[in-house]
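Here are a few notes to read alongside the coordinates.

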Amino acid sequence: MKLNHFTDFSMRVLMYLNQKKEPSQSSLDDLASTFKISRNHLIKVVQFLGANELVNTKRGAKGGITISEKAKLYPLGDLIHLLEQDDSPIVNCDTKPCIFKLHNCKLKSLFNKAYLLFIESLNEYTLTDLEFNDWNSIFEN
C-alpha cells in the first residue's frame with residue numbers, strides 16, 4: 001500500500017503546525033518554502049484540512065494557519081483514512097473480470113483485513129506522539 005501525495009503533504013503540514021510551541025500562525029508561503037512543495041498543492045491541502053476542522057485559517061494581514069485542537073486529538077489511523085479520500089478496496093475484483101472471483105478467492109478479504117489492522121494500529125497514536133525533541137534542528141539547514 002502506498003499513501004498518496006495529498007496524504008503526505010497533509011501530514012507534513014499537520015506535524016509542522018503541531019510542533020509550533022506558541023500559537024503563532026503559518027502562511028501558505030511559509031509552508032511551501034519550508035517543505036519545498038508547490039503553493040498550489042498546499043492550497044488544496046489547507047482547504048481540505050480547514051473544511052474538516054483540522055486547521056484554522058484566517059485571512060488578512062494578521063491571518064494564517066494554525067492547527068486545531070480537534071487535529072491534535074484525532075487518531076492517526078482515522079486521519080490517514082480521511083486524507084486518502086478513497087473508500088475503494090485495495091483489490092477491486094470488478095474493474096476487470098477476474099477469473100478467481102467465482103472460485104472463492106480470499107485475496108480481497110485478506111487485504112481488507114490488513115488495511116483495517118493498519119488503521120487500527122495507527123489509531124493508538126495522535127499527532128502529539130509524532131513530536132520531535134529538537135524540531136528546530138530539522139530546519140537549520
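What does the accessible surface of the protein chain come to, and what percentage of it belongs to carbon and sulfur atoms? Please keep in mind throughout that this is a predicted model.

1. To start with that question: the accessible surface is about 9700 Å², and carbon and sulfur atoms account for 54% of it. The chain has 141 residues, of which 32% count as buried.

2. On the overall layout, you will find seven helices and two strands in the protein chain. Their order along the sequence is α-α-α-β-β-α-α-α-α. Taking contacts between residues at least 6 apart in sequence, 65% join residues at least 24 apart.

3. As general background, nonpolar side chains in soluble globular proteins tend to be buried together.

4. Not counting residues up to four places away in sequence, Leu49 touches Ser10, Val13, Leu14, Leu54, Val55 and Leu83.

5. Which residues of helix 5 are buried? They are Leu76, Gly77, Leu79, Ile80, Leu83 and Glu84. Because they cover an arc of only 160° around the axis, they sit on the same side of helix 5. In general, an α-helix has 3.6 residues a turn, so residues three or four places apart point the same way. The cover over the buried residues of helix 5 includes helix 1, helix 3 and helix 6. Just after helix 5, Gln85 takes a positive phi of about 50°.

6. Two loop residues on either side of helix 4 are worth a visit, and Ser68 is one of them, placed in the loop between strand 2 and helix 4 (69–73). Is Ser68 buried or exposed? Ser68 has a relative accessible area of 5%, so it counts as buried. Leaving aside neighbours within four places in sequence, Ser68 is in contact with Glu53, Leu54, Val55 and Asn56. The C-alpha atoms of Ser68 and Glu53 are separated by 6.8 Å, with the two residues 15 apart along the chain.

7. The other loop residue is Tyr74, between helix 4 and helix 5. Its relative accessible area is 19%; since buried means under 20%, Tyr74 falls on the buried side of the cut-off. Beyond its neighbours within four places in sequence, Tyr74 contacts Leu54, Leu79, Leu82, Tyr125 and Thr126. Tyr74 and Leu127 are 53 residues apart along the chain, and their C-alpha atoms are separated by 7.6 Å.

8. Ile90, Leu107 and Phe111 make a nonpolar surface patch of about 250 Å². Phe111 belongs to helix 6 (residues 107–122). With 35% relative accessibility, Phe111 counts as partly exposed, because that class runs between the 20% limit for buried and the 50% limit for exposed.

Note on methods
Residues are numbered from 1 along each chain as its sequence is written. This is a predicted model: local features need pLDDT of at least 70, side-chain atom pairs count only at pLDDT 80 or more; totals for chains, interfaces and linings use all residues. Side-chain values use heavy atoms; hydrogens and water are left out. Contact means heavy atoms within 4.5 Å. Helices (H or I, at least four residues) and strands (E, at least two) are DSSP runs, numbered from the N terminus. Buried means under 20% relative accessible area, exposed over 50%, partly exposed in between (1.4 Å probe, protein chains only). Accessible areas come from the Shrake-Rupley method with a 1.4 Å probe; for residues, only the protein chains shown count as cover. Patches are made of residues with over 30% relative accessible area and no salt bridge: like charges are joined within 9 Å, nonpolar side chains (Val, Leu, Ile, Met, Phe, Trp, Tyr) within 5 Å. A salt bridge is a side-chain nitrogen of Lys or Arg within 4 Å of a carboxyl oxygen of Asp or Glu. The arc is that of the directions from the helix axis to the C-beta atoms.
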